[in-house]
Amino acid sequence: SKTYSIATFYNQFRFSPKGKYHITICNGTTCHISGASNILFELIKELNITSGKTTSDGLFSLEAVPCLGTCALAPVIKINDKFYEKLNPEDIKGIIESYRNREEI
């Protein structure tokens, strides 16, 4: 139980594998004020998963984090090592589709 309590406290530990495209969404103060909750809602709707989960095909995983350190670009998501900044909810579908299309090639 001690090991489990440590593993669940730190977000670096996972109980399931990340998706091929791991999406992190900043939920820091600036991103939150700039509409990160709307972005998160669109991600949940588009991927049909909640934060901390991976899609059944293993393609995407989603994680809300306290800060990505990119306040001037808020709201921000990061997919693997690529940042997407100053997002609107309408941007999410196109971004996700671009990654899905990569898999069809």
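Modeller: The buried residues of helix H4 pack against S1, helix H3 (36-47), S2, S3 and strand S4 (82-84). This is a predicted model. The helix itself covers residues 89-104, and its buried residues include Ile92, Ile95, Ile96 and Tyr99. Seen down the axis of H4, the buried residues fall within an arc of 95 degrees, so they line one face of the helix. Glu90, Lys93 and Glu104, on the other side of H4, are exposed.

In strand S1, six of the six residues are buried, which leaves S1 mostly covered. Tyr21, Ile23 and Ile25 point one way from S1, while His22, Thr24 and Cys26 point the other way; both sets are buried. Buried here means under 20% relative accessible area.

S1 (residues 21-26) has a parallel pairing with S2, made over six bridges. Within this pairing, Thr24 has Glu63 of S2 as its bridge partner, and Cys26 stands opposite Val65 in S2. S2 spans residues 60-65, and five of its six residues are buried, so S2 is largely enclosed by the rest of the structure.

S1 also pairs with strand S3 (residues 77-79), here in the antiparallel sense and over three bridges. In S3, Lys78 stands opposite Thr24.

How values were computed: Residues are numbered from 1 along each chain as its sequence is written. This is a predicted model: local features need pLDDT of at least 70, side-chain atom pairs count only at pLDDT 80 or more; totals for chains, interfaces and linings use all residues. Side-chain values use heavy atoms; hydrogens and water are left out. Buried means under 20% relative accessible area, exposed over 50%, partly exposed in between (1.4 Å probe, protein chains only). Helices (H or I, at least four residues) and strands (E, at least two) are DSSP runs, numbered from the N terminus. Two strands pair if DSSP finds at least two bridges between them. The arc is that of the directions from the helix axis to the C-beta atoms. Contact means heavy atoms within 4.5 Å.
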